[in-house]
Amino acid sequence: MEKKIGLACDHAGYDMKELIAGYLEAKGYEVYDFGCDSPESCDYPDMAHALAESIDKGELSIGIAMCGSGNGISMTLNKHASVRAALCWNVELVELARLHNNANVLSLPARFIDNNEALAMVDKFLDTKFDETAERHVRRVNKIAISK
């Protein structure tokens, strides 16, 4: 299992990103932090594009991103052909996003979940693999990107 992961957030997700970074490092992950670097107001697309570009280039295969609602950062990430960012707010959605959609970025709504929920979702994201044996899932995932 690859032990490299990228993180990105805006000001609303800063505290959660810091918590998750420490949690992942304690689990032996090499964390690539694309910002932001403080709780000061910033624009989520700047950090989202940096994370997504590292996935586009093959430098990283997975990431976790957060903003207040999770929507803006997810929308930005999903503009990149190699990214399949899934906005999740519970463990069951994380599991389905990985199993059925081969999500490679977990997007979290930092203002709507607590830290324990976030860490449980991170664990599920890391522990769940895409179901490559289900032809329908493979077929559908292969239709997601419109360009590479």
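1. Two strands count as paired if DSSP finds at least two bridges between them. In this predicted model, strand β3 (residues 63–67) and strand β5 (residues 105–109) run parallel and are joined by five bridges. Within β5, S107 is the bridge partner of A65.

2. The pair belongs to an open sheet of five strands, ordered β2-β1-β3-β5-β4, with parallel pairing. The edges are β2 (30–33) and β4 (85–87); each has a single partner strand, so one side of each lacks a neighbour in the sheet. From one strand to the next, the twist averages 20°.

3. Helix α2 (residues 44–56) lies across β1 (4–9), β3 and β5. Relative to β1, helix α2 runs at about 160°.

4. Helix α1 spans residues 14–26 and contains E18. E18 counts as partly exposed because its relative accessibility is 36%. The C-alpha atoms of E18 and I5 are separated by 14 Å, and the two residues are 13 apart along the chain.

5. How many disulfides does a search of the whole structure find? The search finds zero. A disulfide would need two cysteine sulfur atoms within 2.5 Å. For C42, the closest cysteine sulfur is that of C36, at 3.8 Å, which is too far for a bond.

6. For C88, the closest cysteine sulfur is in C67, 13 Å away, so this pair is also too far for a bond. Is C88 buried or exposed? C88 is buried, because its relative accessible area is 2%, and the cut-off for buried is under 20%.

Terms used
Residues numbered from 1 in each chain as written. Predicted model: local features only at pLDDT ≥ 70, side-chain atom pairs only at ≥ 80, totals over all residues. Heavy atoms only, no water. Helix = DSSP H or I, 4+ residues; strand = E, 2+ residues; numbered from the N terminus. Axes fitted to C-alpha atoms, helices over the stretch in contact; angles between N-to-C directions. Contact = heavy atoms within 4.5 Å. Buried < 20%, exposed > 50% of the residue type's maximum accessible area, 1.4 Å probe, protein only.
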